[in-house]
Amino acid sequence: MAARSVTLGIDLGTTSVKAALVEAALGDPSGFVVLASCARAAQAETAAQSAAAGPQGQEQDVKRIIQALHECLAALPRQQLRKVCGIGVSGQMHGVMFWKTGQGCAWTEGGAAPVFEPRAVSHLVTWQDGRCSSEFLASLPQPESHLSVATGFGCATIFWLLKNSPEFLKSYDTAGTIHDYVVAMLCGLARPLMSDQNAASWGYFNTRSQSWNLEILRAAGFPIQLLPDVAEPGSVAGRTSQAWFEIPKGTQVGVALGDLQASVYSCMAQKTDAVLNISTSVQLVASMPSGFQPPQTPDPAAPVAYFPYFDRTYLAVAASLNGGNVLATFVHMLVQWMADLGLQVEESMVYSCMIQAAAQQRDTCLTITPTVLGERHLPDQLASVTGISSSDLSLGHVTRALCRGIVQNLHSMLPFRQLREWGVERVIGSGSALSRNEVLKQEVQRAFPLPVSYGRDVDAAVGAALVMLQRSLSQQKS
Ligand SMILES: Nc1ncnc2c1ncn2[C@@H]1O[C@H](COP(=O)(O)OP(=O)(O)O)[C@@H](O)[C@H]1O
Ligand SMILES: O=C(CO)[C@@H](O)[C@H](O)[C@H](O)[C@H](O)COP(=O)(O)O
């Protein structure tokens, strides 16, 4: 009898960490089942380490992210963790963190299970970071890549640190995304490995030649020794150097994937499917035919970008910076106003009340352009509200208008009729900001001229697990 193949997928998202255990199931139409899953809010936002970043700085505390990861692992069934034969990891793209080689973590046996604790690490500077102004970005060398460079991209952040905080950079000799860091710590890698999916998200990476723009970067004084070595997505980065919870030492760990690609992998069953993922951010994605090559030069004004997927194929992506985070900003604002008025209220209560109120308010004349973070192709166009009449000010009106605005903003980036022209026949909705919000679902259904169905709310974690599951199954066959 063939060995049971169980894999663990982890997604280190901007808001929450998710983990899923996946097993091959011949009887199931999808070929797999999700045995168990777990999500934990990381609540990792913290003040920027460099004061010069100002209020635009967006950083997260790596210790809190790892704590949320360990809470997820602790919540999964121990007997299933014992069967894990592969670990796939994905996470929020574009961001960068630094650590000292050999001192990135310490393994402890102290608690109920062996865990690693971050040691000589920086904060994670996330994709939401806005410290690189348009003027600063214009001062950087032109990349030799089809992707332009925006604020929050790893290489732009490193350029900024080089100019504004050179002493800070000197404290570290290794860099990666948060998910590259986790893979490196699990496997005890001296240098992290990075998939082209994440390398492309940092900027200054050429996806055709699969190489960093080393000459351009070197000439600009960039610390190129910080750039990780690049590996194929779906390949193995190493094996666990320690037992981790119940997962045996020596378990294969995949090179970290982008959460975008992992989400798509979990739910795009046909080439004619588009994926709409709404989590902290939002992406509308279609797959490009094999052999497709993006234009050679970047177009910073283009709202659609081409991101590497698997096997040298590309995804066309409208990646809006304004998704569930816009609703989260509204909720924080309400909670703060209530506190200012002397009232305490839980965020989860606000979410459920506002979604309920908007579900009863089927329409509104209020129009909200929700771009509180701007967009990469229009960084200076912030949010606005129009059509304000005294009759449209209820919580239901505002929430309905916010949800509609998120979907309409995406439509302005990638008109939905374009999907039909690409041969798309249906849209799969994924991401927990969508699956938990009935009103957002209604607005999606209202706006798309195509049938919409829904995936799961831990999609990227399932996708990361599936990549390793398929690898394990093909190893068993050969
Ligand atoms: N209680 C809730 N009900 C509905 N939506 C919520 C709730 N809590 C958070 N959200 C939404 O979920 C988003 C985060 O989704 P999540 O999948 O955790 O993001 P990520 O994958 O980026 O970490 C938030 O930005 C918010 O819009
Ligand atoms: O910005 C892009 C692509 O450019 C996104 O697709 C991408 O998935 C990034 O990882 C995020 O923006 C973060 O993802 P999430 O935490 O919102 O799920």
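Which residues of α16 are buried?

Analyst: Some ground rules come before the answer. This is a predicted model, in which local features need pLDDT of at least 70, side-chain atom pairs count only at pLDDT 80 or more, and totals for chains, interfaces and linings use all residues. Residues are numbered from 1 along each chain as its sequence is written, while chains are lettered from A and ligands numbered from 1 in the order in which they are written.

The buried residues of α16 are D459, A460, A461, V462, G463, A464, A465, L466, V467, M468, L469 and R471. A residue is buried if 20 or more other C-beta atoms lie within 10 Å of its own, exposed if 12 or fewer, and partly exposed in between, with C-beta atoms placed from the backbone.

Helix α16 covers residues 459-477, which is 19 residues. From first C-alpha to last, α16 reaches 27 Å, close to the 27 Å expected at 1.5 Å a residue. The expected span is 1.5 Å times one less than the number of residues. An α-helix has 3.6 residues a turn, so residues three or four places apart point the same way.

Now the background. The protein chain has 16 helices and 26 strands. Its radius of gyration is 22 Å, close to the 23 Å that the globule rule gives for 478 residues, so the chain is as compact as a globular protein of that length. That radius is taken over C-alpha atoms, and the globule rule is 2.2 Å times the number of residues to the power 0.38. The C-alpha trace spans about 65 × 55 × 55 Å along its principal axes. Buried residues make up 49% of the 478 residues in the chain.

For ligand 2, α9 (259-267) and β22 (314-320) each supply at least two residues of the shell.

How values were computed: Helix = DSSP H or I, 4+ residues; strand = E, 2+ residues; numbered from the N terminus.
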